[in-house]
Amino acid sequence: MLSKQAAKDALLQHVNKHFFYSSTPAKEMTVTSIVPLSAWHYTLESFTEQRSTRETLCNDGLDRSLNGAPPHPWDVHCTPSTEFMSHQKVLEIPNTSVKKSCNNCNGRGYKICRACDGMNICCHCHGAGLAWEYHGTNTRRVACRTCYATGHVQICLGCKTRNGQITCSTCTGKGSLQYYTELVVKYTNHVSEYVLEKNGIPKDKIKGVRGQVVFQQNLPCVEPISQHSEQQIIVNSMRMVNDHRQAWPGEKIIKQRQVLRSVPVSEVAYTWYDCNQRFWVFGNEREVHAPDYPYQHLWGCNVS
Ligand SMILES: [Zn+2]
Ligand SMILES: [Zn+2]
Ligand SMILES: [Zn+2]
């Protein structure tokens with residue numbers, strides 16, 4: 001039970017955090033009554049798993065000779081690193097190695113040089129054997145000096161080869177690429193919260209303060225809370241558990257956790273001049289909710 005002095009101290013601390021608030025009312029007020037109450041914070045978490053596959057290029061050079069049929073994605077052993085934390089794991093499914101023709105070179109292992117078109121045509125005269133020579137405004141055609149008027153070169157300047165074939169960089173000349181199937185396991189933690197608070201304290205503030213855990217359950221599949229003095233907790237626990245059972249059809253629920261916390265709330269009534277107001281102290285930290293605090297002397301209360 002909160003004492004009158006503790007209630008005033010909590011309010012004074014709250015007022016001091018607000019630059020524009022005057023601390024005079026908090027210092028001078030008379031606390032007339034304190035009523036102990038409770039707020040409730042219920043959390044339901046569903047930790048789910050989703051599996052998908054994708055084809056991946058092997059580039060580690062490891063031998064992946066097949067040794068039987070590949071397992072079904074759901075038969076591959078995989079466990080989460082941490083429960084109730086969203087994360088992803090990627091594994092190689094054994095016996096899924098497959099060779100496919102390289103689409104960059106159409107399986108040839110090389111590409112034809114564009115400069116010489118694979119025929120070592122002279123880049124300078126484009127195979128004509130004659131090239132233009134410029135003398136001021138006069139131009140004339142002369143025998144090409146690059147290819148000695150043959151139209152062909154021994155080694156192409158573009159591809160530096162004799163046959164115009166450039167090794168394919170995608171498959172490094174092999175003409176084929178090796179792929180395997182990867183299993184992507186996505187673990188997601190879905191969290192739903194419900195706050196029962198009847199005095200107008202913002203629900204997010206109730207979620208953020210400490211209280212007492214009165215019920216906690218961690219099971220593959222939880223049942224909703226069925227007994228509680230507050231009917232709203234039973235109704236909302238049932239609604240949330242049912243929602244979670246249907247919300248993610250592509251995901252498998254592997255663990256559920258439900259926690260019900262009771263957060264202490266004290267309703268404090270006070271008088272200051274002709275002002276009769278209430279404020280609330282909540283959470284083990286003694287946070288304050290005082291929307292009607294007469295922080296400006298001319299506002300709300302007659303002090304003259
Ligand atoms: Zn030439
Ligand atoms: Zn070339
Ligand atoms: Zn290739």
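Let me begin with Phe279, which touches Leu11, Val268, Val288, His289, Ala290 and Tyr293, leaving aside residues up to four places away in sequence; contact here requires C-beta atoms, placed from the backbone, within 7 Å. This is a predicted model, in which local features need pLDDT of at least 70, side-chain atom pairs count only at pLDDT 80 or more, and totals for chains, interfaces and linings use all residues. Residues are numbered from 1 along each chain as its sequence is written, while chains are lettered from A and ligands numbered from 1 in the order in which they are written.

Phe279 is one of the residues that touch the most other members of the largest nonpolar core, which has 24 residues; Leu11, Ala39, Trp280, Val281 and Phe282 are the others. Such a core joins buried Ala, Val, Leu, Ile, Met, Phe, Trp, Tyr and Cys residues through C-beta atoms within 7 Å. Buried means 20 or more other C-beta atoms within 10 Å of the residue's own, exposed 12 or fewer, and partly exposed in between, with C-beta atoms placed from the backbone.

At least two core residues come from each of helix 1 (4-16), strand 1 (30-57), strand 10 (252-272) and strand 11 (275-282). Helices (H or I, at least four residues) and strands (E, at least two) are DSSP runs numbered from the N terminus. Strand 10 gives the largest share, 5 residues.

I turn to helix 1. Its buried residues are Ala7, Ala10, Leu11 and His14. The face turned away from them carries exposed Gln5 and Asn16.

Key. Two residues are in contact if their C-beta atoms, placed from the backbone, lie within 7 Å.
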